[in-house]
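Subject: Handover of a structure and its findings

Dear colleague,

I am writing to hand over the structure shown below. After it you will find an account of what was found, arranged by region.

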Amino acid sequence: MPVQTFTEEQVRRYHRHLIMPQVGARGQKKLLNARVLLIGAGGLGSPAALYLAAAGVGTLGIIDFDTVDLSNLQRQIIHRTDAVGMLKVDSAAETIRGINPDVNVVKYPVALTSENAFEILDGYDIIVDGTDNFPVRYLVNDASVMTGKTVVHGSIFQFDGQVTVFKPGAGPCYRCLFPAPPPPGAVPNCAEAGVLGVLPGIVGCIQAVETMKLILGEGEPLIGRLLIFDALAMEFSEVKLRRDPNCPVCGDHPTIHELIDYEQFCGLPSREPVGTH
Ligand SMILES: [Zn+2]
């Protein structure tokens with residue numbers, strides 16, 4: 001049942017939204033009725049989930065097959081020390097429940113594969129991609145293009161972060177930038193590469209802002225724009241991205257018509273995206 005009216009408690013909880021002309025009661029209802037799927041409850045998914053939950057995004061799907069490890073806690077702030085060993089989806093759901101009981105968390109403690117991707121993505125308006133591996137990133141991209149769903153993409157590497165929005169029909173997709181994943185072993189392993197603790201917090205929060213703008217229909221989303229954050233230089237820069245008419249999945253004559261399971265490996269494909277202008 002879509003939310004039509006607010007309880008007294010909700011009026012107080014969302015007061016700072018309700019007094020904003022760009023949000024107001026109308027926008028808050030949109031947030032409460034929105035369905036967002038988070039791919040991963042890790043470094044990017046943690047801050048994104050916390051802020052989307054606090055803001056009152058009514059349904060948060062979280063897919064993550066992993067359990068909380070002590071080495072996650074340096075950056076994955078939705079998980080607490082006493083959650084080590086728990087499924088990340090259970091730990092995340094528990095934290096979210098403590099922040100905002102309005103939020104319905106749908107847990108998927110499984111790996112995203114070509115077998116289950118369409119079924120899981122179905123029913124969500126926006127996908128927040130916080131994955132750290134290529135097979136899932138390509139799966140999310142291809143499934144989203146094929147079903148017309150918007151992806152708020154984020155990635156991190158050591159001191160660098162990137163955010164963009166892939167909206168099918170309105171801009172490029174991930175494959176327009178990187179047509180195919182690099183061969184396994186060509187990029188550093190996630191565990192080997194390392195990442196500065198706060199960096200995913202900044203990138204994940206930007207993903208949360210973009211998600212809220214898309215739900216509210218306000219502002220200029222990062223469609224066709226790659227926002228690049230360099231934490232060492234403390235600089236944000238932006239490159240324009242264009243849809244590639246030869247893209248194998250969203251191009252004029254697509255060659256990919258079904259989902260592909262790539263071999264598991266980690267990292268960023270290159271420091272500079274190709275095909276940018
Ligand atoms: Zn494309």
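Strands in this account are DSSP runs of E with at least two residues, helices are runs of H or I with at least four, and both are numbered from the N terminus. With that numbering, F159 has its place in the loop between β5 and β6, where β6 covers 160-166. Please bear in mind that this is a predicted model.

F159 counts as partly exposed because its relative accessibility is 33%. Together with L196 and L232, F159 makes a nonpolar surface patch of about 280 Å². Q158 also lies in the loop between β5 and β6. The phi angle of Q158 is near 55°, which is a positive value in a residue other than glycine. Q158 is partly exposed, as its relative accessible area is 32%.

A positive phi is also found at M234, about 50°, although M234 is not a glycine. M234 is placed in the loop between β7 and β8. Is M234 buried or exposed? M234 counts as exposed, because its relative accessibility is 57%.

**H153 in strand β5**

Strand β5 spans residues 150-157 and contains H153. H153 counts as buried because its relative accessibility is 3%; the cut-off for buried is under 20%. Leaving aside residues up to four places away in sequence, H153 touches D129, R137, Q162, V163, T164, F166, Y174 and Q207. Two of these contacts, F166 and Y174, return in the aromatic cluster described next.

**Aromatic residues**

How many aromatic pairs does a search of the whole structure find? The search finds 7 aromatic pairs. One of them joins F134 and Y138, with 6.3 Å from centre to centre and 45° between the planes, and this pair is tilted. Both residues belong to helix α7 (residues 134-147), where F134 and Y138 are 4 residues apart, about one turn of the helix. F134 is buried, since its relative accessible area is 0%. Y138 counts as buried as well, because its relative accessibility is 0%. F134 and Y138 form one aromatic cluster with F166, Y174, F178 and Y262.

Another ring is approached by a charge: the charged end of R35 sits over the ring of Y124, at 5.0 Å from the centre of that ring.

**Salt bridges**

The structure holds 5 salt bridges, and three of them are described here, including the one between D142 and R175. In that salt bridge, the closest N and O atoms of D142 and R175 are 2.6 Å apart. D142 lies in helix α7 and R175 in helix α8 (residues 174-177), so the pair ties together parts that are 33 residues apart in sequence. D142 counts as buried because its relative accessibility is 1%. R175 also counts as buried, because its relative accessibility is 1%.

H257 lies in the segment after β8, the strand of residues 235-240. H257 counts as exposed because its relative accessibility is 59%.

A further salt bridge is made by the side chains of K213 and E210, at 2.7 Å from N to O. K213 and E210 both lie in helix α10 (residues 199-216), 3 residues apart, about one turn of the helix. E210 is buried, as its relative accessible area is 5%.

R225 forms a salt bridge with E238, in which the closest N and O atoms are 2.8 Å apart. Why does this pair tie together parts that are 13 residues apart in sequence? The reason is that R225 lies in strand β7 (residues 225-230) and E238 in strand β8. R225 counts as partly exposed because its relative accessibility is 23%. E238 counts as partly exposed because its relative accessibility is 40%.

With kind regards

Terms used: Residues are numbered from 1 along each chain as its sequence is written. This is a predicted model: local features need pLDDT of at least 70, side-chain atom pairs count only at pLDDT 80 or more; totals for chains, interfaces and linings use all residues. Side-chain values use heavy atoms; hydrogens and water are left out. Buried means under 20% relative accessible area, exposed over 50%, partly exposed in between (1.4 Å probe, protein chains only). Contact means heavy atoms within 4.5 Å. Rings of Phe, Tyr and Trp (its six-membered ring) pair if their centres lie within 6.5 Å; planes under 30 degrees apart count as stacked, over 60 as edge-to-face and the rest as tilted. A charge sits over a ring if NZ of Lys or CZ of Arg is within 6 Å of the ring centre and within 35 degrees of the ring normal. Patches are made of residues with over 30% relative accessible area and no salt bridge: like charges are joined within 9 Å, nonpolar side chains (Val, Leu, Ile, Met, Phe, Trp, Tyr) within 5 Å. Accessible areas come from the Shrake-Rupley method with a 1.4 Å probe; for residues, only the protein chains shown count as cover. A salt bridge is a side-chain nitrogen of Lys or Arg within 4 Å of a carboxyl oxygen of Asp or Glu.
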